[in-house]
Amino acid sequence: MTQSLLHQILDYANRANPYPIYEELRKAPVHHDDGGPYVISTYYEIRSLLHDPRISSDARNLASTTRDPLAEPAQEESALPPGFLRLDPPEHDRMRRMTNRPFGPPHSPHRVDGMRSELHDIVSGLIDGIGDPGRIDLVEQFSYPFPVTVICRLLGVPREDEARFHTWADTLAASLDPDPDADPTERGKGAHDARMQLGMYLAGLIEERRRNPGDDMLSQLATAKGEDGPMTTMELLSTAALLLIAGHETTVNLITNGMLTLLRHPEVLDRLRTDPQLAVPIVEELLRFEPPVQLVPQRTTLADIEVRGVTIPKGASLWLVLASGNRDPQRFADPDRFDPDRGDIQHLGLGSGIHSCFGAPLARLETQLALSELARRLENPRLLEDPPPYRQNAVLRGPRQLPIACDGIRP
Amino acid sequence: MVRIAVDLNRCQGYAQCAFLAPEIFAMHGEEALLYDPEADEAQRAKLAQAAAACPVQAILVDAVDVPAEAVSGAR
Amino acid sequence: MLGDGSLERLKREGRIVVVGASLAGLRAAETLRAEGFVGSLTMIGDEPHEPYDRPPLSKQVLLGRASADHTALPRLRSVEATWRLGVAATGLDMAARRVRLADGDEVPYDRLLIATGVRARPWPHEAEAELDGVFVLRTSDDSAALARRLDAGPKRVLVIGAGFTGSEIASACRERGLAVTVAERGAAPLVGALGGVVGAVAAEMQREHGVDLRCGVMVTALEGDASGRVRAAQLSDGSTVETDVVIVSLGATRNTEWLAGSGLGAGPRGIACDAGCRAFDIRGIVTDDIYAAGDVARCPHPLFGYQFLSLEHWGNAVTQAGIAAHNMLSESTDRIPHLEVPAFWSSQFGVNIKSVGVPSLGTEILVSQGSLKDHRFLGVYGYQGRVIGAVAFDHGRWLPFYQELIETTAPFPPAFPTVDRTSDGQRPLDADFPDPSVPTHGPTVTLGGYAPADRRMTFTPAH
């Protein structure tokens, strides 16, 4: 019996190249079978729904999740409240506004821009420390430690604690992982434990920052006195956990997918070596071509809505397959070609609407810098395995390892 | 100098430009954007970053290859 | 034009004249070149400046964050034009296909684009308007002069008219710490464009920011001192405002006087044109060689009963100019219609205000998201049971959804629930627009009736 398209997306065998499945999906802009989620895969429909106030991100509005393989297990009372990713306005807007206060304009316009030289130093240090150029795991040696270090510095998490929250973050990311063979109860429990431990760790850190505030985000969130007032401790905890995990699990994939794509397009890599500015359009095209968040599985309808003639009932679970919309030939000419020179790259890679990626400017800067420096410094880099081994996760999709080799490291 | 205009009908306040080139772009409140309509040539790299990052592609910048055109009242 | 090669000849060696060297004129010129026009192109502008952007003039410039003579528009491509700047067009001879200029010159054309825009409506009392310290704000020179005067730290600024521009000026002045009085004839700021429900929010914003807002009053006279400097204003409620800077912000007048007697369907409401931007003559016959675009054009819109609509909007100038230029160089079957849904923005007192559709047509408003008291909300306007417009206060990311409702003539009030529905949004309210026969200061969209030669005008300043 043929697998449903939904299960094909989740099937690990398709992780290295899900795009043919998306192409199948797009034949019906609204895909729905067997009581499962409604899957939207075409560009314009996804974009519309991301701006549609009849769509909720709050799991409490879901009628039933029993047939949704990406549904989160019910949280226990003691667990952290949902981060703003899973809230609707006005709570979402208030939390996001408060979180943005120490991070970006209008209150902190120079935070990200001011990290440029620090980012550069971190990148240089990691490339300097690569060691044997004959066998490099780019994930382990570069794309993972880079954003982790950055998010630590931004939040004010001590570097020596990195290993601990590494484990928690991995577990939490895996809980979004739709491994159909895994026991959902076990998966839920592991995630719950990780969330609790991370929460306790952060609670201690927040207490410490309240006593001795620094200029890091956590200190400023803990001591904020803006128009929206201070965050409660629980809000602060869930926000910090959200930033930490999002900061961990997405940029690593963007950088790894980026280097993988460049190694598959050596002519672009060559151009980047001599023209570091090319990293700017390369990163935008990457966000279209290999977005680190492939789909948004956590939306639901507040009313019966009609999408391209299909009625999606109130309370239904929606999946918005961003990565498929990005390859929609109705929107992008020759969508399966990686082409940083296409003038028109209005991708869905970072979402759109009120939930668009909070860390987007940082992810952009990190990836631009990472790719241009890797291109400049690695001599004759090449893939040792193609495709590389992928992580299980179909939502936050990316290689588990990226084994590459090069002839040497330029100074 | 580089001339800049922003199509504020398209702008939805994602603020990517204000993060990446704060010398030129600033948020005025949560959603309104103010920008310097003219930037130093030295800002061109950051400006390119800001323009490329705009999710709604609202930022218009002088094309690099437009030759200086004599603009005067003379015939 | 048939497939007789005349179009190719036009592209190769034709003469195109663009009257109006601002946003619409420049974008049209760029489009002409982009679409392969290699003939001669003449740009005529009454101001001595190359094309510049106006929105910063009431915001960044007055805040002191940019200077008025540095808002030139970016060039998206080379236009290789002959520029006649600082010389106004004074007449049009349609039969001889010539534009007359103020310096006596005549410029012949094969195709003409008129993009002369609007100008600020001056203070109606001429002697008072001449007083030192009395300003309007439309051009870069206006803005430069006003910014200089604000730099000097006036004791009190009086803004006459609380439309969008007036409100933006008041906002900038307050941000600079200047004392500001705003005198508005209507019941609230922005009331002509957005109605009384939203106007009340705008009034609250002004007062919270320390503006001395006076509504329902008119300024009856401006007084000068012995040296000819403005000193005070008399208000219709008998009060006097002592002020050393007065900004007259009473909306705009279309620059069509130079076309009087030409035979073109041009009047105080603008130049009537078809959906393809071709201008009508006064007999209601569409011309094939004269096009109009931008603030000065008015064309029938299918979403609004094919009434002629004038849109004083930045986005409209850009799109319409591109369409006019394209159509000028196209066979009739390749022409494209101008169907843009009106869209507008303003930022004032730290709040971003955006609208789509034509709110001023609405009779009811539903606050579908957010709340009025937070000054963060989405209001949707209804007219005869359909959605006709929407306004967002710091809620711009939702507007595309409401634009779709307008485009699909969705029923009003919308029957569905949304996120963030508050007690404000339980039922539609009377949108509370002033009587349309009462003038307002900045409607931004003007419904111009059905007849191309309609020259009547409803705005009659009573000042």
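**Notes on the predicted three-chain model**

1. Let me start with a strand pair in chain C: C:Val99 sits opposite C:Val107, the latter in β6(C). Keep in mind that we are looking at a predicted model.

2. How is chain C divided up? The assignment gives domain 1 (6-53 + 72-119 + 253-334), domain 2 (121-250) and domain 3 (343-447). Note that domain 1 is written as three segments, 6-53, 72-119 and 253-334. Taken over C-alpha atoms, the centres of domain 1 and domain 2 of chain C are separated by 33 Å. The contact between these two uses 5 residues from domain 1 of chain C and 4 residues from domain 2 of chain C. On the domain 1 side of that contact, the residues split into 1 nonpolar, 2 polar and 2 charged.

3. On the annotation side, an unreviewed UniProt entry places "domain: FAD/NAD(P)-binding" on residues 15-321 of chain C. In the model, that stretch is 23% helix and 32% strand, with its end C-alpha atoms 17 Å apart. UniProt also lists "domain: Reductase C-terminal", again from an unreviewed entry, for residues 344-415 of chain C. This second span comes out at 12% helix and 50% strand, and its end C-alpha atoms lie 26 Å apart.

4. Which parts of chain C touch chain A? In total, 12 residues of chain C are in contact with 13 residues of chain A. On the chain C side, β26 (364-371) and α9 (399-407) each supply at least two residues, and α9(C) has the largest share with 3 residues. By class, the chain C side of this contact consists of 6 nonpolar, 3 polar and 3 charged residues.

5. Within chain A, have a look at the helix pair α5 (residues 116-128) and α7 (residues 145-155): their axes come within 10 Å and cross at roughly 145°. The crossing of α5(A) and α7(A) is right-handed. From α5(A), the residues that meet α7(A) are A:Glu118, A:Leu119, A:Ile122, A:Val123 and A:Leu126. Facing them from α7(A) are A:Pro145, A:Phe146, A:Thr149, A:Val150 and A:Arg153. Sorted by class, the contact has 7 nonpolar, 1 polar and 2 charged residues.

6. Chain B has an open sheet of its own, with 3 strands in the order β4-β1-β5 and antiparallel pairing. Its edge strands are β4 (38-39) and β5 (59-61) of chain B, and each pairs on one side only. Strand β1 (residues 2-6) of chain B is linked to β4(B) by 2 bridges, running antiparallel. If you want a spot to check, B:Arg3 stands opposite B:Glu38 in β4(B).

7. One last item for chain B: what lies across β1, β4 and β5 of chain B? That is helix α2 (residues 44-53) of chain B, which runs at about 145° to β5(B).

Conventions
Residues numbered from 1 in each chain as written. Chains lettered and ligands numbered in written order. Predicted model: local features only at pLDDT ≥ 70, side-chain atom pairs only at ≥ 80, totals over all residues. Domains from an automatic or database assignment. Contact = placed C-beta atoms within 7 Å. Nonpolar A, V, L, I, M, F, W, Y, C, P; charged D, E, K, R; others polar. Axes fitted to C-alpha atoms, helices over the stretch in contact; angles between N-to-C directions. Helix = DSSP H or I, 4+ residues; strand = E, 2+ residues; numbered from the N terminus. Left-handed = near helix turned anticlockwise from the far one by under 90°. UniProt positions renumbered as here; feature names shortened; annotations may be inferred. Pairing = 2+ DSSP bridges.
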